[in-house]
Amino acid sequence: MTSLAALPLALTMGEPAGIGPEIAVKAWAAGREAGLPAFVLLADPALIEQRARSCGLAVQVAVIRRPEDAAAAFGEGLPVLPLGHTVANRPGRPTAATAAATIAAIDQAVALTSAGRAAAVVTNPIAKHVLYAAGFRHPGHTEYLAHLATPAGAPPLRPVMMLWCDALAVVPVTIHVPLRRVPELLTTELIVETGRIVARELAARFHISTPRIAVAGLNPHAGEDGALGTEDAAVVKPAVALLRSEGIDASGPLPADTLFHARARRGYDAALCMYHDQALIPIKTLAFDDGVNVTLGLPFVRTSPDHGTAFDIAGRGVARADSLIAALHLAHRLARP
Ligand SMILES: NC(=O)C1=CN([C@@H]2O[C@H](COP(=O)(O)OP(=O)(O)OC[C@H]3O[C@@H](n4cnc5c(N)ncnc54)[C@H](O)[C@@H]3O)[C@@H](O)[C@H]2O)C=CC1
Ligand SMILES: NCC(=O)COP(=O)(O)O
């Protein structure tokens, strides 16, 4: 079998009306100078050529038939493996008609990686509401990738979303759920399972020998002894105790408002946050341009830029590829044995 280091990363097209096609082209153009690992884009080659033209980007698309040909093609052109779907759309105008192609790109990236023909999965952003309108029943990539990776008949894998940059790693314990449902969905078991996966993968993939995990409280001031909410004492605190009883260096519940300043960040390797925005606001404030979304708990590496489809700027040639480039670098690093 080809060594992982020699395999290309499998990059999905993402939502075709978003900035994915444009930043893929820009990443490839920057990558030839910046030593980016080779990747293959799973997309409709005609869409990529047309979007590059409309964004004023000079790019040669190298249509390949096998991911094994990506590394050799990468120096000459952007390697694109056709999806078998024609994708016609206008930037900024998403349509459910392209949902099947968007999903096919994810399926193919996972299939190639699982078969040992790609080193890792890197995804461009999808617009969840567009896929939902076409009948997609998973909240986002994170949950869909876990579904694809679960062997038939086995209990579902628990995926964990982690947003990472050099200065901070954050994990939302509850992910894509309305805020009003967070208290009912947040259980001691969910926090413990998430903490275990984070500790295990920070050690195995990030090579942090004894990961320090800070657990944020749910309520202001971590509940202020029950005066500002009961969940911190009843749900979060027992989870921290259980993690500690397993030898995991967990602390908390800690007030979230003082968890993310520079001095506090030196005290932990990852912060477990109780809901989506508690985790994503600090990291996107610190590192919007180069934050990376990593899915933990899967049998393969998956990364993604931290941003979304940016419909407001799609097709204008102004989207930044930095976060995608950071995602490609991190995927390459994590996929190394
Ligand atoms: N991994 C994924 O698939 C993700 C998908 N999304 C999806 O993206 C859609 C739009 O979400 P929003 O909340 O509007 O977030 P967004 O990240 O798409 O856009 C927020 C703001 O940041 C700007 N922006 C985003 N990426 C940029 C880039 N690379 N360069 C320059 N400016 C950039 C946009 O123009 C916009 O003003 C939603 O449907 C959401 O579900 C959001 C986050 C991650
Ligand atoms: N806000 C983060 C996000 O939406 C990423 O979701 P996913 O599609 O990577 O699961």
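Reader: Hi! Is T142 buried or exposed, and why?

Author: T142 counts as buried because it has 25 C-beta neighbours inside 10 Å. The cut-offs are these: a residue is buried if 20 or more other C-beta atoms lie within 10 Å of its own, exposed if 12 or fewer, and partly exposed in between, with C-beta atoms placed from the backbone.

Reader: Before we go on, what kind of model is this, and how are things numbered?

Author: Residues are numbered from 1 along each chain as its sequence is written, while chains are lettered from A and ligands numbered from 1 in the order in which they are written. This is a predicted model, where local features need pLDDT of at least 70 and side-chain atom pairs count only at pLDDT 80 or more, but totals for chains, interfaces and linings use all residues.

Reader: What is the mean pLDDT here?

Author: The protein has a mean pLDDT of 95, and 98% of its residues reach 70 or more. pLDDT is the predictor's confidence in each residue, from 0 to 100. The model also scores ipTM 0.98 and pTM 0.96. One reading tip: where pLDDT is low, the predicted coordinates should not be read in detail.

Reader: Thanks! Back to T142, where does it lie?

Author: T142 lies in helix α6, and H141 is in that helix too, which covers residues 141-149. Helices (H or I, at least four residues) and strands (E, at least two) are DSSP runs, numbered from the N terminus.

Reader: What do those two touch?

Author: Leaving aside neighbours within four places in sequence, T142 is in contact with P159, M161, I175 and T295. With residues up to four places away left out, H141 touches I106, T123, I126 and S304. Contact means that the C-beta atoms of two residues, placed from the backbone, lie within 7 Å. H141 also counts as buried, because it has 25 C-beta neighbours inside 10 Å.

Reader: Which residues of α6 are buried?

Author: In α6 they are H141, T142, Y144, L145 and A149. Seen down the axis of α6, the buried residues fall within an arc of 170°, so they line one face of the helix. That arc is taken from the directions from the helix axis to the C-beta atoms.

Reader: And what covers them?

Author: The cover over the buried residues of α6 includes α4 (99-114), β6 (160-165), β11 (292-296) and β12 (302-305).

Reader: New topic! Which residues are around ligand 2?

Author: The residues around ligand 2 are I126, G140, H141, T142, L280, N293 and S304. A residue counts as near a molecule or strand if its C-beta atom, placed from the backbone, lies within 6 Å of it. By class, this shell has two nonpolar, five polar and no charged residues. Ala, Val, Leu, Ile, Met, Phe, Trp, Tyr, Cys and Pro count as nonpolar, Asp, Glu, Lys and Arg as charged, and the others, Gly among them, as polar.

Reader: How many residues surround ligand 1?

Author: There are 19 residues around ligand 1, and the closest are P125, A127, H307, G308 and R320. The shell of ligand 1 has eight nonpolar, eight polar and three charged residues.

Reader: Where does UniProt place the feature "binding site"?

Author: An unreviewed UniProt entry places a "binding site" feature at H141, T142, K284, N293 and R302. The UniProt annotation "binding site" (unreviewed entry) also covers H176, H221 and H276. This second set is spread over 101 residues of sequence, and in space up to 23.8 Å between C-alpha atoms. UniProt positions are given in the numbering used here, feature names are shortened, and annotations may be inferred rather than shown by experiment.

Reader: What does H176 touch?

Author: Not counting residues up to four places away in sequence, H176 touches P139, G140 and H276. H176 is in the loop between β7 (168-172) and α7 (182-185), and H276 is in helix α11 (residues 276-287). H176 is partly exposed because it has 13 C-beta neighbours inside 10 Å.

Reader: Last one: which peptide bond is cis?

Author: The bond from G252 to P253 is cis, with omega near 0°. P253 is found in strand β9 (residues 249-254).
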